[in-house]
Amino acid sequence: MRAWRVHENGEPGKVMRLEEVAKPVPGEGQLLLRVLAANINFPDALLCRGQYQVRPPLPFTPGVEVCGETEDGRRLIATPALPHGGFAEYVTVDAATVLPAPDSLDDAEAAALHIGYQTGWFGLHRRAHLRAGETLLVHAAAGGVGSAAVQLGKAAGATVIGVVGGPDKARIARELGCDLVIDRRSEDIVAKVKEATGGRGADVVYDPVGGDAYAKSVKCVAFEGRIVIVGFASGEIPSPGLNHALVKNYSIVGLHWGLYNAKDPAAILACHQELTRLAAEGAIKPLVSERVTMKHAADAVQRVADGTTTGRVVVVPDTASTVVPNGESR
């Protein structure tokens, strides 16, 4: 079978190689899946660079989230264990961790439902306790992680303010349902948030960016607000001023979704059931901006790493019809 492999750390477009490898054989407690779609996550780029908190042995195959099919035709969502990730034609997965793919979503959408939406749900509901009527500020609102948080915030009855970079991403954020969109390149985030909230600020801030996004967030978070730290896509890890959190009465909460796999796996299943319900009702639907075939995976991971994509980019088999940025099929 074919699989993308990384033999040395570096930029995805340079170090990912499409190779012929042996088809995996499932061990005890494992399932063999034919990969129907593999969603690209920012951690895939960090894995290639050797900058992720987990560093699999070289060579390894990236791809942490797939929708796959068993030999008996069951469609499942899974997170393959590294070093044998999902940018391959077949993967083996732990049978105890797979989840049924919602009937309301196609393969690419189902592949994009798991990590980003689970992260959003746990971040907004378990960590920040978002309530209907509150104001939610989402950074990188047109991206894969941010777009999920926007939809989940709207589903929870919040007023959602999305921060994006550029007019194209602003358009997408509006289509996702943001009540207000702020272009960080041309508008003052702090002033716009305070104007929209009558000076009160955002009750919950969802931050997968870090760096300057976090610095702006602490200036426009409400009394008893909650800032959810999801990641550092900017590459800059901020150093919180705890004296500032004290005098303004806001909370800084972290979210490492992967810990729930080990600490509370039942909560992951319950969350998936809720996400499946919301998808069936049409309240959430992964924004799949591109479906690229296997041979284009390295280029697609690089573009995700560079921050030039919107929504989710999903790798599908070469036999599938794909949509590229200009809207043509190939």
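In helix α4, the buried residues are H114, I115, G116, Y117, Q118, T119, G120, W121, F122, G123 and L124, where buried means under 20% relative accessible area, exposed over 50%, and partly exposed in between (1.4 Å probe, protein chains only). Helix α4 is thus described as mostly covered, with 11 of its 14 residues buried. The model is predicted, so that local features need pLDDT of at least 70 and side-chain atom pairs count only at pLDDT 80 or more, while totals for chains, interfaces and linings use all residues. Residues are numbered from 1 along each chain as its sequence is written, and side-chain values use heavy atoms, with hydrogens and water left out.

**The sheet and its helices**

Helices (H or I, at least four residues) and strands (E, at least two) are DSSP runs, numbered from the N terminus. Six strands form an open sheet with parallel pairing, in the order β10-β9-β8-β11-β12-β13. Two strands count as paired if DSSP finds at least two bridges between them. Strand β9 (residues 159-164) pairs with β10 in the parallel sense over four bridges, and the bridge partner of G162 in β10 is V181. In general, strands of a sheet pair through backbone hydrogen bonds, either parallel or antiparallel.

Contact means heavy atoms within 4.5 Å. Axes are lines fitted to C-alpha atoms, for helices over the stretch in contact, and angles run from 0 to 180 degrees between N-to-C directions.

| Helix | Strands it lies across | Angle |
|---|---|---|
| α4 (residues 114-127) | β8 (135-139), β11 (202-207), β12 (221-229), β13 | about 150° to β11 |
| α5 (residues 144-155) | β8, β9, β11 | about 170° to β8 |

Helix α4 is followed by H129, whose phi is positive, near 55°.

**The nonpolar cores**

A nonpolar core is a set of buried Ala, Val, Leu, Ile, Met, Phe, Trp, Tyr and Cys residues joined through side-chain atoms within 4.5 Å. The largest has 84 residues, of which F122 and L136 touch the most other members. Not counting residues up to four places away in sequence, F122 touches R127, L255, W257, Y260, A267, I268 and C271.

**Helices α2 and α12**

Helix α12 (residues 297-306) is mostly covered, since seven of its 10 residues are buried: A297, A298, A300, V301, Q302, V304 and A305. Their cover includes β1 (2-6), α1 (12-15), β2 (16-20), α2 (42-49), β14 (288-293) and β15 (312-316). In α2, the buried residues are D44, A45, L46, L47 and C48, and they pack against β1, α1, β2, β3 (30-39) and α12.

The helices α2 and α12 pack at an angle of about 100°, with their axes 8 Å apart. That angle makes α2 roughly perpendicular to α12, a label for 65 to 115 degrees; under 35 counts as roughly parallel, over 145 as roughly antiparallel, and the rest as oblique. The contact is made by F42, D44, A45 and R49 of α2 and by V301, V304 and A305 of α12. These residues divide into five nonpolar, no polar and two charged. Here Ala, Val, Leu, Ile, Met, Phe, Trp, Tyr, Cys and Pro count as nonpolar, Asp, Glu, Lys and Arg as charged, and the others, Gly among them, as polar.

Just after α2, G50 takes a positive phi of about 75°, and α12 is followed by G307, whose phi is positive, near 75°.
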